[in-house]
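Subject: Model handover

Hello,

Here is the model we talked about. Please open it alongside this note.

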Amino acid sequence: MTVSPSQITERQRSRQINTDTNILLVEDEQDLLELLRYNLTREGFSVETAMTGEDGLKKACEIGKDLNLVLLDLMLPGMDGLEVCRTLKGRDHTSGIPVIMLTAKGEESDIVRGLEYGADDYITK
């Protein structure tokens with residue numbers, strides 16, 4: 001079955017564009033990780049996941065310049081999200097990757113701290 005360009009919906013066009021967008025999701029809550037991965041994948045994004053800061057940093061470095069976005073929880077076991085963000089922004093091959101902090105900590109001081117560590121934006125859960 002051949003589909004003409006006029007038959008492709010806006011949502012399908014968006015999904016086609018998104019397939020080239022690689023997102024790293026670093027979240028230690030399994031249920032939330034799966035929910036976010038499902039929704040991002042459903043929208044056509046390529047999603048890698050990690051449940052610890054150390055694993056997230058390792059995957060970000062492995063993917064390197066092909067990585068388009070990091071969604072990063074602040075409170076992670078071991079290396080926390082602030083340290084992961086600071087490390088990513090301090091390395092030449094990952095410094096240009098946008099990092100969005102995704103966390104339950106929504107106090108103004110937490111937001112300021114995340115942005116000071118190099119986060120590009122901050123979203124509270």
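Below are the findings, from the whole chain down to single residues.

This is a predicted model, so local features need pLDDT of at least 70 and side-chain atom pairs count only at pLDDT 80 or more, while totals for chains, interfaces and linings use all residues. Residues are numbered from 1 along each chain as its sequence is written, and side-chain values use heavy atoms, with hydrogens and water left out.

Overall fold. The protein chain has five helices and five strands. Both are DSSP runs numbered from the N terminus: helices are H or I with at least four residues, strands are E with at least two. The order from the N terminus is α-β-α-β-α-β-α-β-α-β. Of contacts with a separation of 6 or more, 60% join residues 24 or more positions apart. Contact means heavy atoms within 4.5 Å.

Surface. The protein chain exposes about 7,300 Å², and carbon and sulfur atoms supply 51% of it. Areas come from the Shrake-Rupley method with a 1.4 Å probe; for residues, only the protein chains shown count as cover. Of the 125 residues, 34% are buried. Buried means under 20% relative accessible area, exposed means over 50%, and partly exposed lies in between (1.4 Å probe, protein chains only).

Aspartate 73. This residue sits in the loop between strand S3 (69-72) and helix H4 (81-90). Aspartate 73 counts as buried because its relative accessible area is 2%. Its side chain makes a polar contact with the side chain of lysine 125 at 3.5 Å. It also reaches the backbone nitrogen of methionine 75, at 3.5 Å. A polar contact is a pair of N or O atoms within 3.5 Å; within protein, one must be able to donate a hydrogen and the other to accept it, and residues adjacent in sequence count only if both atoms are side-chain atoms. Leaving out residues up to four places away in sequence, aspartate 73 touches Val26, Glu27, Asp28, Gly81, Leu102, Thr103 and Lys125.

Threonine 103. This one lies in strand S4 (residues 99-103). Threonine 103 is buried because its relative accessibility is 0%.

Cysteines. Cysteine 85 has 1% relative accessibility, so it is buried. Cysteine 61, at 24%, is partly exposed. The whole structure has zero disulfides, a disulfide being a pair of cysteine sulfur atoms within 2.5 Å.

Best wishes
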